[in-house]
Amino acid sequence: MTDLWSDKLKSMDQRRQPSFRTQPGGRLMGRLRVPGDKSISHRAVMLGAIAEGTTRIKGFLRAQDCLATLKAFQAMDVCIEEDRQAGDIAIRGAGLYGLQAPQSPLDLGNSGTSMRLLAGLLCGQPFDTLLIGDVSLMHRPMQRIAEPLTRMGAAIQTSTQGTPPLRIIGGQRLRGIEYHMPIASAQVKSSILLAGLYAQGRTCVIEPMPARDHTERLLAEFAYSIERQDLKVSLQGGGRLQAAMIEVPADISSAAYFMVGASIAPGSDVTLEHVGINPTRSGVIEILRRMGSNIKVSNRRMAGGEPVADIHVTSTALKGIHIPPELVPLAIDEFPAILIAAACARGVTVLTGAEELRVKESDRIQAMMTGLRACGINAEPTADGMIVRGGQLQGAIVDSHGDHRVAMAFAIAGLAACGDIIVRDYENVATSFPDFVAFSKGAGLDISVEQ
Ligand code: S3P
């Protein structure tokens, strides 16, 4: 294809991309319950599918990413019933050894969590599988799981660049390993633990810093014995999982947009209900508080083995900070939103230790830098983060790079901008937050869809 022709196709494609537009003047008000937690929804389906008995999941996130996981298990003959209205699902568990070979490749769409966690689980099956995804997923690094899984005895192939498709040859004998993870990644940790269920002996993972621990908590809910000590987690292969009743908390990653929005839009006052505040996920609360946000956490309780609470946020003037690197893994998905808070803060915010942002659904350092600059904000990317000088957000056209979190962050930026913000290519918002436009409009953001 000539360059001219591919440029033409690209520009035609861009014209077709739907956008949303925010207008200035909104504020966020009321009691809001954002949809269920994405990470927990994925894991609850996976463990339910290999448990014995019927697992019920209340508050399952019906977003494209979690549906990709669900469909993958349906393709492996697991019976899953959905009550769409209630948002509940029931999974008739096939047991550890009851999955059937899928008839075609498992297409996991945009979902890195589905691919990396499933890879671990599928290494222990007697059949072969091929895992594929959309353009973004097909460019994401998979060597980080392929390497430890291979050490466990798995037969797993990536492309020569270490990216998908992932070809997994079944029927291998897995053995437990002790693995020192080079990066803080819950996906890598979980992939190894899921393979560990099928391994001979003990599988032990040592993290450099704590990453989200939903797999560990859920394994315990499914009555699987798991040992945790500081940064070390281990389990013995060959046990059984028993079906469970799981209540999925509201997703703190989705709530984060409204925490930032309520902080930066004068006159805002919102309560986010039933939000998961697992300490391995709640870095955003700590970071926003350090920036001066007015955040109160109340009504703390437990649901599905996870701590939840209501989060009350009112608007206030924010200040720039040096974000402590140890908080980075605890808020890894919230940086698009946090960088919008930084853009609205007085002074300079410095983010370091966040190189992982470069290999998310997009290169989030690059995507946020170009978006912030388009909005007139001084944003300097670094290898592992960004330096943002707070200022007045201007109206702009922003490209989300097909990344749901970048799109939602710039929608929220619309609350503090002095002109319209148009976010291009927002459709992937549905991968984690179905009906985001209607939900945020109901909360007080002036947002509309443009074709
Ligand atoms: C996730 C872990 C994180 C996060 C992702 C969801 C999970 O990825 O960014 O959105 O559910 O385990 P890493 O494990 O790559 O940090």
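A: A word on terms first: helices here are DSSP runs of H or I with at least four residues, numbered from the N terminus, and a residue counts as near a molecule if one of its heavy atoms lies within 4 Å of it. Please also keep in mind that this is a predicted model.

Q: OK, which helices supply at least two residues each of the shell around the ligand?

A: Those are α2 (38–49), α4 (112–122) and α6 (186–196), each of which supplies at least two residues of that shell. The residues around the ligand are S39, R43, T113, R116, S185, A186, Q187, R212, I332, D333 and K360.

Q: And how do the residues of that shell divide by class?

A: They divide into two nonpolar, four polar and five charged residues.

Q: What lies 2.6 Å from an oxygen atom of the ligand?

A: That is a polar side-chain atom of R43, while for K360 an N or O atom in the side chain is 2.7 Å from a ligand oxygen atom. A186 takes part through its backbone, with an N or O atom 3.0 Å from an oxygen atom of the ligand. The protein buries 96% of the 390 Å² that the ligand exposes when taken alone.

Q: Which pocket is that space?

A: The space taken by the ligand is the largest pocket.

Q: Switching topic, how many cavities of 30 Å³ or more are there?

A: There is one, and the largest cavity holds about 30 Å³ of space.

Q: What lines the largest cavity?

A: Its lining consists of R116, R140, P141, R144, Q187, E356, V359 and K360, which by class gives two nonpolar, one polar and five charged residues. R116, Q187 and K360 are in this lining and also among the residues around the ligand.

Notes. Residues are numbered from 1 along each chain as its sequence is written. This is a predicted model: local features need pLDDT of at least 70, side-chain atom pairs count only at pLDDT 80 or more; totals for chains, interfaces and linings use all residues. Side-chain values use heavy atoms; hydrogens and water are left out. On a 1 Å grid over the protein atoms alone, a cavity is a set of points where a 1.4 Å probe fits but cannot get out, and a pocket is an open set with protein on both sides within 12 Å along at least five of seven lines; lining residues have an atom within 4 Å of a point. Grid points are joined across faces, edges and corners, and a volume is the space filled by probe spheres set on the points. Ala, Val, Leu, Ile, Met, Phe, Trp, Tyr, Cys and Pro count as nonpolar, Asp, Glu, Lys and Arg as charged, and the others, Gly among them, as polar. A polar contact is a pair of N or O atoms within 3.5 Å; within protein, one must be able to donate a hydrogen and the other to accept it, and residues adjacent in sequence count only if both atoms are side-chain atoms. Accessible areas come from the Shrake-Rupley method with a 1.4 Å probe; for residues, only the protein chains shown count as cover. A molecule sits in a cavity or pocket if more than half of its atoms lie within 2 Å of its grid points.
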